[in-house]
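Please find below a colleague's note on the entry under discussion.

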Amino acid sequence: MIEVDILKNIKTYNGHHPLRIKTTFATNKITQIFGPSGIGKTTLLKILAGLVQPEQGFIRVNNEVWLHTQKQINWLPQQRKVGFVFQDYALFPHLTVEQHLLYGTPDKEYVARLLAIGQMQAFHQHKPKQLSGGQQQRLAILRALAIKPQILLMDEPFSALDYTLKKSLLTDLKPLLIELQTTCLVVTHYPLETEGWAELSFTLE
Ligand SMILES: Nc1ncnc2c1ncn2[C@@H]1O[C@H](COP(=O)(O)OP(=O)(O)OP(=O)(O)O)[C@@H](O)[C@H]1O
């Protein structure tokens with residue numbers, strides 16, 4: 001179980017606004033996160049990854065306390081074993097597709113498997129600027145999986161994919177997540193629950 005109890009002052013167009021989130025997420029499940037634009041969905045993912053710091057907070061993943069502001073516990077992002085799919089992909093311009101994946105794992109067989117899941121074999125030597133938007137997005141997803149993350153945080157990860165690609169990616173990703181025992185939190189407007197992909201949902205209000 002992931003236990004989250006955080007308070008973050010977020011900047012809005014007319015000053016500051018407190019973002020208070022107290023909830024739990026089931027581990028080894030896919031949870032879709034809903035909420036209106038600007039409510040703080042991306043901020044929640046970044047706080048879980050350790051990329052944004054809340055003013056006050058507590059995060060426990062199973063029996064590991066990742067963040068406890070009162071006790072000055074704050075695990076570094078790299079200690080959290082989290083994969084992150086950023087809304088803007090955040091790819092490395094100088095690395096090829098294959099190098100992006102090898103950055104996360106030395107396991108060449110696993111890299112080949114990821115390339116197949118993302119239908120990216122033909123582009124493995126390409127750099128991001130030689131890829132389409134949908135290919136860049138698939139690479140961002142594969143890179144996040146390369147480290148075999150304990151938690152996979154995905155921010156609008158399928159927005160640039162057409163329906164057919166999205167369907168086949170969802171079909172191939174789910175067994176991998178089950179095999180890796182990865183907990184997945186995904187922010188997306190695409191109805192993953194009706195697709196039978198997301199198992200749970202959480203709405204940020
Ligand atoms: N590091 C930060 N510190 C303080 N405020 C922030 C920080 N990052 C984002 N914000 C503010 O937090 C608010 C929520 O942003 P966020 O991107 O988390 O929303 P969202 O729910 O993901 O929105 P959308 O669905 O439009 O992507 C915005 O008003 C933004 O300006």
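1. The pLDDT is the predictor's confidence in each residue, on a scale from 0 to 100. The protein chain averages a pLDDT of 94, and 99% of the residues score at least 70. The model scores ipTM 0.91 and pTM 0.93.

2. Two conventions apply throughout. This is a predicted model, in which local features need pLDDT of at least 70 and side-chain atom pairs count only at pLDDT 80 or more, while totals for chains, interfaces and linings use all residues. Residues are numbered from 1 along each chain as its sequence is written.

3. On the overall fold, the protein chain contains five helices and ten strands (DSSP runs numbered from the N terminus: helices are H or I of at least four residues, strands E of at least two). The radius of gyration, taken over C-alpha atoms, is 17 Å, close to the 17 Å that the globule rule gives for 205 residues, so the protein chain is as compact as a globular protein of that length. That rule is 2.2 Å times the number of residues to the power 0.38. The C-alpha trace spans about 50 × 30 × 30 Å along its principal axes.

4. A residue is buried if 20 or more other C-beta atoms lie within 10 Å of its own, exposed if 12 or fewer, and partly exposed in between, with C-beta atoms placed from the backbone. Among contacts with a separation of 6 or more, 71% join residues 24 or more positions apart; a contact requires C-beta atoms, placed from the backbone, within 7 Å.

5. Which residues are around the ligand? They are Ile10, Lys11, Thr12, Gly35, Ser37, Gly38, Ile39, Gly40, Lys41, Thr42, Thr43 and Val52, the criterion being a C-beta atom, placed from the backbone, within 6 Å. Strand S1 (2–12) and helix H1 (41–49) each supply at least two residues of this shell. The shell divides into three nonpolar, seven polar and two charged residues (Ala, Val, Leu, Ile, Met, Phe, Trp, Tyr, Cys and Pro count as nonpolar, Asp, Glu, Lys and Arg as charged, and the others, Gly among them, as polar).

6. Most residues other than glycine have a negative phi. Asn28, however, has a positive phi of about 60°; Asn28 lies in the loop between strand S2 (15–25) and strand S3 (30–34) and counts as exposed, with 12 C-beta neighbours inside 10 Å.

7. Gln119 also has a positive phi, near 50°. Gln119 is placed in the loop between helix H3 (108–117) and helix H4 (133–146), and is partly exposed, with 15 other C-beta atoms within 10 Å.

Conventions:
Two residues are in contact if their C-beta atoms, placed from the backbone, lie within 7 Å.
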